[in-house]
Amino acid sequence: MTKQDIIKPENLVYGKTKVLTDNIMHYCPGCSHGVIHKLIAEVIEEMGIQEKTIGIAPVGCSVFAYNYLDIDMQEAAHGRAPALATAIKRLMPDKVVFTYQGDGDLAAIGTAETIHACNRGENIVIFFVNNGIYGMTGGQMAPTTLEGMKTATCPYGRNTDMYGFPLRISDLLKEIDGTCYVTRQSVHKTANIVRAKKAIRKAFQNSIDGKGTSIVEFVSHCNTNWKMTPVQSNAWMEEHMFAKYPLGDLKDTPKKRFDEINHL
Amino acid sequence: MEEIKLMKGNEAFAHAAVRSGCDGYFGYPITPQSEVMETLQELKPWEETGMVVLQAESEVSAINMVYAGAACGKKVMTSSSSPGVSLKQEGISYIAAAELPCLILNVMRGGPGLGTIQPSQADYFQSVKGGGHGDYHMIVLAPSTVQEMADFVDLGYELAFKYRNPVLMLSDGVIGQMMEKVVLPPYKPRRTMEEVIAQCPWATTGKVGRPHNIITSLALESEVMEATNNRLQAKYREIEENEVRFEEYMLDDAEYVFVAFGSSARICKQAVEYARAEGIKVGVLRPITLFPFPTKKIQELATRVKGFMSIEMSAGQMVEDVRLAVNGTKPVGFYGRQGGIIPSAEEALEALKTQIIK
Ligand SMILES: Cc1ncc(C[n+]2csc(CCOP(=O)(O)OP(=O)(O)O)c2C)c(N)n1
Ligand code: SF4
Ligand SMILES: [Mg+2]
């Protein structure tokens, strides 16, 4: 049997989803962004929603997500993605709308947009990549940076007296009546990738079913700015990040409806 | 049959928005323009036309909702007053850069800072010279009547979509709050999704039978960015060539010219009556578009009049553009009041006499 005999459509066990473009990703080797993009793209293809999905790229390392996902996309100003998603979903309710945001984008400069989109229970999906740092700008402190963790703007380690505590924003968002699904996932091991993909699918389905805002947080690393190898980063993430940001579902209930709240 | 109504400028704007086939309004309350969203909420256009009306958590959020809606090819708008419009500047810069059509209303109040809720025209620089970062221009329309608060909605959208550019209606607390007779425009249906796609093939309406559409203002390579800058500048030159609008009032035999926009122009018309009663031949040039500015018209006037007087509710902002146009060939004076005080016709005439006629 030759190689050519084996390369046949019926023998195909895995292929690149058509929702990913052929553009070469700019992410550092080992970075989680690429894996998360791939999972989102695969779910979009499997659910058959490529034509009606509108994505929003943030300002952060994933600003060029629009070059990799073969769907209509908008690039938001830093932190404003949930405001964009709100308008798109309100103006075109038959569309599936998601944002893709980093921890600086979502939990620092865009906190207000995030909380209020969730509070209105917008039927959108928020994908939240928490790598504990500002990756794009060269590794400065993020609101999610762990206590004692060294970054370019806290070179001696995050001092909580000066800068407060790592913000578990997903825990905050789960308390908001408009959110329906808040989950923390990771993509550093096969089993986690499988679980993360299920979470992505569930989030999209919630949005289609009008259940409210879904947030999928991916606890991630930034090996470049953490100044570690990808393997070291994964180990450090498991030991330290997961301790502060434990994986699992934080909330899974449809948003409250007006008539329920008012007992009409 | 014509529908003649008596209403505030802000209310007329809201009614005209619904009638123009607007798809979405996104705003945040601030005096003296809150009646815009209040009127829209009362009208409940979502039941009649399907127009979305949403109170955002801030002006920052509202302008970014406008960015996204415009990026979908929708007819969207926001309104605010000076402090709120300052917050919108980042978003406006992104909208201009991504070349998105939309309508923004600023019902100006006095600043700087929290300032006063009384009328002002002190956001002229912000409106016509950029406001946000980078080299860009909005098309700026200056209404001076309640009727124009209604009429400029359609005109604004026409220009916004023609040039894929944000249009600002620069009004003030006088025009927004005063009641006048207004003929509301007839109802236009909202465009269907098919019409939106046909008019805006670049919009993010869903990747159906075409390559994916991307709305972005990012260009990391300098050559690409400079090409974008050059394209924008060429568009602004085209707008300057084609879209200058102004009103001439008693200029045919005028020896002196008041240059004024918005409510100041109304005062100047009164001042012209007083002046002519004294035998002084004065007229008014009222720029309707502040960008593009009626530079050529002023240059033409400069060849035949003795002097200009810019009357503004500011410390003197538009006067700089009048001086640039006149280019030293004739005297240019300025008189303004600030803090929410409206200059009187008597003051305007007195300023003309002391500064220019002498
Ligand atoms: C208004 C504004 N402020 C600051 C910046 C600079 N900036 C770009 S990306 C970024 C942080 C991104 O960090 P994060 O959201 O965590 O994304 P990551 O790169 O880590 O994926 C900052 C501060 C900007 N582009 N715009
Ligand atoms: S800098 Fe960090 S977040 Fe950005 S691509 Fe590299 S590893 Fe990923
Ligand atoms: Mg980050």
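I began with Pro112(B), which I located in the loop of chain B that runs between strand E5 (102-108) and helix H7 (124-128). The model is a predicted one. I looked up the peptide bond from Gly111(B) to Pro112(B) and recorded it as cis, its omega being near 0°.

I then turned to a further proline of chain B. The bond that joins Phe291(B) to Pro292(B) is also cis, with omega near 0°. I placed Pro292(B) in the loop between strand E13 (289-291) and helix H13 (295-302) of chain B.

For backbone torsions I noted Arg164(B), whose phi is near 45°, a positive value in a residue other than glycine. I found Arg164(B) in the loop that links helix H8 (146-163) with strand E7 (166-172) in chain B.

**Domains of chain B**

I recorded two domains in chain B: domain 1 covers 4-198 and domain 2 covers 246-357. Taken over C-alpha atoms, their centres are 27 Å apart. To the contact, domain 1 of chain B contributes 29 residues and domain 2 of chain B contributes 24 residues.

I next looked up the area buried between these domains, which is about 2100 Å², with 56% of it on carbon and sulfur atoms. Which residues of domain 1 of chain B lose the most area to domain 2 of chain B? I listed Gln121(B), Tyr124(B) and Phe125(B), which together account for 33% of what that side buries.

**Ligand 1**

I examined the surroundings of ligand 1 and found residues from chains A and B there, so the site is shared between chains. The shell holds 17 residues, of which Cys61(A), Asp103(A), Asp105(A), Gly135(A) and Met136(A) come nearest.

In chain A, helix H5 (103-109) and strand E5 (133-134) each supply at least two residues of the shell. H5(A) gives the largest share, 4 residues.

I then checked backbone atoms against the oxygen atoms of ligand 1. For Cys61(A), a backbone N or O atom lies 2.8 Å from a ligand oxygen. For Met136(A), a polar backbone atom is 2.9 Å from an oxygen atom of ligand 1. For Ile133(A), I noted 3.1 Å between a backbone N or O atom and an oxygen atom of the ligand. Finally, I recorded that ligand 1 has 600 Å² of accessible area on its own, of which the protein covers 77%.

Note on methods: Residues are numbered from 1 along each chain as its sequence is written. Chains are lettered from A and ligands numbered from 1 in the order in which they are written. This is a predicted model: local features need pLDDT of at least 70, side-chain atom pairs count only at pLDDT 80 or more; totals for chains, interfaces and linings use all residues. Side-chain values use heavy atoms; hydrogens and water are left out. A residue is near a molecule or strand if one of its heavy atoms lies within 4 Å of it. A polar contact is a pair of N or O atoms within 3.5 Å; within protein, one must be able to donate a hydrogen and the other to accept it, and residues adjacent in sequence count only if both atoms are side-chain atoms. Accessible areas come from the Shrake-Rupley method with a 1.4 Å probe; for residues, only the protein chains shown count as cover. Domain bounds come from an automatic or database domain assignment. Contact means heavy atoms within 4.5 Å. Buried area is the accessible area (1.4 Å probe) that two parts lose on being put together, summed over both.
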